[in-house]
Amino acid sequence: MTYLSFLLIFLIPLFLLFSFISLFRKRVNQHDFTGILILVIIAVLYTTPWDSHIISKGIWFYDNDKIIGTLFRIPFEEYLFMILQTIISGLIFCNFKKKIHVVKFKFSIRYLIPFLLIFLIGLYILKNESFAYIGYLITWASIPLAIQLFVGSKAIYFSFKNWVLPLLLFTLYLSIIDSIAIGNNIWTINDATSCGIKIFRLPVEEIIFFFLTNLLIFQGMSLWSILEKND
């Protein structure tokens, strides 16, 4: 199985399915579409330098015979994965979103200090090779999470119960297919920079990664929905 065939089997059909469901149920409007597009751009621009860096550090690597090519060390298919995951998460959110009472952004600086501490902890963890992957995950995710909670923690809180289950189920799905990809040697997680905890042979860092990326997308869509209510 190549990386492209992996996407054709496990992600593109899911993308088509939720696209059809969203159109059939008329759950995605122009505002939602714009929000998903913005999140796709942010996801690619923010993740690319980080992904390229951890590849250079040997955190994970891929089989050159199973990819089309690379850009900034990252397989072309990896960019497609980022895009598809973001779109699917956005469409899932749109199909489960409900009206919420909060209609204004409420800035709360109290989230900045805890996430700053989390960021610093991530930097400290990077000193230990066995926890390098977790360290990179913490430092990478803490910044956008802090920003999201800073600008709209109450909006996220009130909408959370509407999409937490879909988020967890999609994270589970991505974790399962990730295990399949690793089993087919499409990509490999370096044991030397992983903490060694595995769930059904899947490094726990991969599950955390998919949870955090989905969380950022769902929270981003929550904030974007509030912006629609303020227009």
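The following legends describe close-up views of a predicted model.

In this predicted model, local features require pLDDT of at least 70 and side-chain atom pairs pLDDT 80 or more, whereas totals for chains, interfaces and linings use all residues. Residues are numbered from 1 along each chain as its sequence is written, and side-chain values use heavy atoms, without hydrogens or water.

**View 1. The buried side of helix H1.** Helix H1 comprises residues 3-10; helices (H or I, at least four residues) and strands (E, at least two) are DSSP runs, numbered from the N terminus. Tyr3, Phe6, Leu7 and Phe10 are the buried residues of H1, where buried means under 20% relative accessible area, exposed over 50% and partly exposed in between (1.4 Å probe, protein chains only). They lie on the same side of H1, because they cover an arc of only 95° around the axis; the arc is that of the directions from the helix axis to the C-beta atoms. These buried residues pack against helix H2 (12-25), strand E3 (74-75), H4, H6 and E4, contact being defined as heavy atoms within 4.5 Å.

**View 2. Aromatic pairing at Tyr3 and Phe6.** The whole structure holds 18 aromatic pairs. Rings of Phe, Tyr and Trp (its six-membered ring) pair if their centres lie within 6.5 Å; planes under 30 degrees apart count as stacked, over 60 as edge-to-face and the rest as tilted. The ring centres of Tyr3 and Phe6 are 6.2 Å apart and their planes stand at 65°, so the pair is edge-to-face. Tyr3 and Phe6 are 3 residues apart in H1 and thus separated by about one helical turn. Both belong to one aromatic cluster, which also includes Phe10, Tyr46, Trp50, Phe81, Trp140, Trp187, Phe209 and Phe210.

View 3. The 14 residues of helix H5 (residues 112-125) should span 20 Å at 1.5 Å a residue, and the end C-alpha atoms are 20 Å apart, which agrees; the expected span is 1.5 Å times one less than the number of residues. Phe115, Gly122 and Ile125 are buried in H5. Their arc around the axis is only 70°, which puts them on the same side of H5. The buried residues of H5 pack against helix H6 (132-183), while the face turned away from the buried side carries the exposed residues Ile113 and Tyr124.

**View 4. The largest pocket.** The largest pocket contains about 790 Å³ of space. On a 1 Å grid over the protein atoms alone, a pocket is an open set of points where a 1.4 Å probe fits, with protein on both sides within 12 Å along at least five of seven lines; lining residues have an atom within 4 Å of a point. Grid points are joined across faces, edges and corners, and a volume is the space filled by probe spheres set on the points. Of the 37 lining residues, Ala43, Thr47, Trp140, Thr213 and Leu216 lie nearest the centre of the pocket. Helix H3 (30-56) gives the largest share of the lining, 10 residues.

View 5. Thr193, in the loop between E4 and strand E5 (198-199), is buried, with a relative accessible area of 6%. Asn185, in the loop between H6 and E4, has a positive phi near 60° and is partly exposed, at 45% relative accessible area. Arg201 lies between E5 and strand E6 (202-203); Arg201 has a positive phi of about 70° and is exposed, with a relative accessible area of 73%.
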